[in-house]
Amino acid sequence: MPGYLALILHAHLPFVRHPEHERFLEENWLFEAVTETYIPLLQLLERWRSDGLNPRLTLTLTPTLCSMLRDPFLQARYERHLNDLIELAEKELQRTNWEKPFHELALFYHGRLGGVRDAYAACRRDLVGAFGEFQESGHLEIITSAATHALLPLLADHPPSLRAQVLVARDHYRSCFGGDPRGIWLPECAYVDSLEGVLQESNLRWFVTDSHGILHARPRPRYATFAPIFTPNGIAAFGRDPDCSRQVWSRHSGYPGDPRYRDFYRDIGFDLDFDYVKAHLPAPGQRGFTGIKYYRITGSSPTKEVYDRQAATRAADEHARHFLDARLAQFRRLAEILDRPPMVVAPYDAELFGHWWYEGPEFLDLLVRKACCDQKVFELTTPGEFLRRHPTNQVATPAASSWGEGGYWRVWLNEKNEWIYPHLRVAQERMTELARRFPQPDPLSERMLKQAARELLLAQASDWPFILRTGTSPDYARKRVKEHLLRFTRIYEQLTAGRLDEEWLKQVEWRDNIFPDVDYRYWA
Amino acid sequence: MPLEREQPTSPLVARLEEASGVARVEPAKAPSDAVAEESGEMPGQAASVLKPPPILLEGDETSSASKSGPGQKYALGPWAAGVQVAHEEAALPEAYGTGKLLLAARDPHWLYAHWDLTPSQQRHYNALSVDHHLVLRVSPPTVMERSVREVHVHPESRHWFIHVERAETRYVAELGYYRPGREWVSITTSPPAVTPAETISTDQTVRFATVPAHVRLSQLAALAKPTVPTELPTSAASLPAVEAARERALAELVGLHLVREEWISSAEVGEVVRGRGEQEVSGAQVVQPAPAGGEAESVTSPLGAPEQRPRGFWFSINADLILYGTTEPDATVTVGGRPIELRPDGTFSCRFSLPEGEHVVTLSAVSAQGDLRQAELRFSRETDYQGEVGVASQDQPLEPPEAESP
């Protein structure tokens, strides 16, 4: 009996939008991910469909990411970014005229970027709609996540906040895709049993936990991570497969560290003369990534060799073959042990494929083709599809857990970021106070209440404490938390005192314009 | 239908308990797990020991050498991004003065406590305290008073990370102080927090349910029926042996991975530096035996070992060529066949990297009326090296020469 492999890609970015600046460094997170991950993924889906393959992947598109992808302002900025980049690629073609290996790469980038521009135009800048079409045609299952990707266990002692994060996400999903989401990606796979009531209310049928979330469930799961369990409310919990993770993520032996792959950090934005690149940098006056990178990882020494695209593609093919062989061995072994078809769940951050690991899309493509065409030991499926076919599963309560370092909440609650929580606690309670005090507000007060909800949601994003911990952009993360909390507090004070500053509100509504129809009553 | 256990603990449980036992015996090396963190530093005693309390080092990154490898989540460059934004005026309040004690479980053995006292409220209580600082008492609610764990906190702290013995346990915290005569005065008590589990359950009862996908969860209670699955082995006599063998096999497939040598999380994929087959040891990181929940190097420690600097004296060079010129602003100029943009005053410059060999480039200008002028330049580069000379990357700003006026 064949087994099942669920490839789940979790696409998420925090809401970053700065119309008050001509160029803004952190908006590059979005532009880079669109160029190197989301559009290539769409192109893969397109090719698979036209080749008659149906790998049935699962894709999370978080509410903050969808909001940005659908925002006309950011769409226009992305196009400007892409055009800039193509212009830079043209300059590079000229500059590397006499250096054959670099010139070949410059040609490669120029061609690629042109293809991305064409693809963006072909879907009329609507990437969310394009992914939605693949869901409608049955090729993709799109799931939601919490509204601003908050770490839900740390909100769990304020149930209205928990409820709001999930219901706002569900509402947003409806506006993007026309129906209700069936599955939810718990941010960072962070689960605690008090989430269940809220998931049940939204009729969310399944989620993913890290391996130990299932393995430590009470009572003990009979099939380890190779089958989902139903929580007492009937929601299915799927456990991440450790093998699939290690092969791809592992710092010691994972694929992305192969010396043939492109080095993420050797970017011409840092390597070349500042005056030459400055018009193409993500933020004025500071060096940053352009996306044009000429070197491969090579090894541990600082001297890097030129990126050899063919060798890198060969590496991707080897790794896809290796991953497939590992799965075949795994499924064959499981077939000897288990009395039901095993389910292996392989979730990854989508941005791994293409952005952090440039050859990731090639790996995915080769893997999917091999899985669909070269074997019959397992089939690719989605958790939702699995539940339709296998509605009988063991009942157990998953253990509180996350896929973050340490397995619980250490990444988001440590000396670098603990200062956030006391402020969030107070703000959350104040939001409930406001929601209860103003059940029928006048129009201006209602706008204020909705904006208070937006500010609170944005302050609750788990990205900020994460960034404070990993240190990639700590000043920005700190500023975001502060600003949203300060704006929230000001709205609270104005509503409490009955003195509303409409001019100031307009400014804030213009800047933090996520979730236009947010229902502040979820906090009541 | 409960399955009978043929032995008190299955191999899977034993392996995991052993793993957690190992983790408990060996203190974790990363600063974030230092048990000493709650001891803090008392002002009077601090003078002779100038080390910062380990908790303050938690999560600190050492300065990273130039990075390499695949990307890292949110990375904008090889080092932390500078702030583009303007100086901020307002600050968040230091405290709200609600007097509430917040308690959160962070993982199976760590709690986080925060008390919302304003500085003057805190000073007031400190003054009343015989120790001149406050004390946190942490215990499961049913524990006898004398078993309560006490943590003496720094006079200016308003939060603390507390190590606790038991996973999967409900804890409550109380903030207070001692008056003279060791009389306890309570300031505030927290709601309970439950530490997560870290072991496999010993409860092996198995219950199945059938949940039809098309039925809403809210209607489920009426419709879902516990089901006896038909796939279970039917022979009762063979059941324990089959189960034990199956458990051992599953343990091999899964249990091994719970004693993880590396933590696999989204933050860490960018920290892969080494290719396959290379030994990876870093002085800054220690691979810990992981408890069942898995734990390993800190995500903020550097990527593998810092990159090797070349030993001894080093020298790198490179060469670029700059071509520049001027013409009428409405002319069209091409360099090597490619059009090049003119500045408003009709000047232009462009830069080529100049490798070894012979190179030819043609510059041409066509006036608005169609008049063509051309120049073919020939260059050659030959380099003789003595000793090891590297290739420099272009990080020195080179000013293109000013265009001369015609």
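Visitor: What does pLDDT do over residues 227-239 of chain B?
Guide: In this predicted model, pLDDT (the predictor's confidence in each residue, from 0 to 100) stays under 50 there, and the stretch has 14 contacts beyond four places in sequence. Two residues are in contact if their C-beta atoms, placed from the backbone, lie within 7 Å.

Visitor: And residues 395-406 of chain B, how many contacts beyond four places in sequence?
Guide: The model has 15 for residues 395-406 of chain B, again with pLDDT under 50. Where pLDDT is low, the predicted coordinates should not be read in detail.

Visitor: What does chain B average?
Guide: Chain B averages a pLDDT of 69, and 57% of the residues score at least 70.

Visitor: Switching to strands. Which strand does β10(A) pair with in chain B?
Guide: β10(A) pairs with strand β9 (residues 208-210) of chain B, antiparallel, over three bridges. Strands are DSSP runs of E, at least two residues, numbered from the N terminus, and two strands pair if DSSP finds at least two bridges between them.

Visitor: What stands opposite A:Asn393?
Guide: B:Ala209 in β9(B).

Visitor: And within chain A, parallel or antiparallel for β6 and β10?
Guide: Strand β6 (residues 229-230) and strand β10 (residues 392-395) of chain A pair in the parallel sense over two bridges. A:Ile229 has A:Gln394 as its bridge partner in β10(A).

Definitions and conventions: Residues numbered from 1 in each chain as written. Chains lettered and ligands numbered in written order. Predicted model: local features only at pLDDT ≥ 70, side-chain atom pairs only at ≥ 80, totals over all residues. Helix = DSSP H or I, 4+ residues; strand = E, 2+ residues; numbered from the N terminus.
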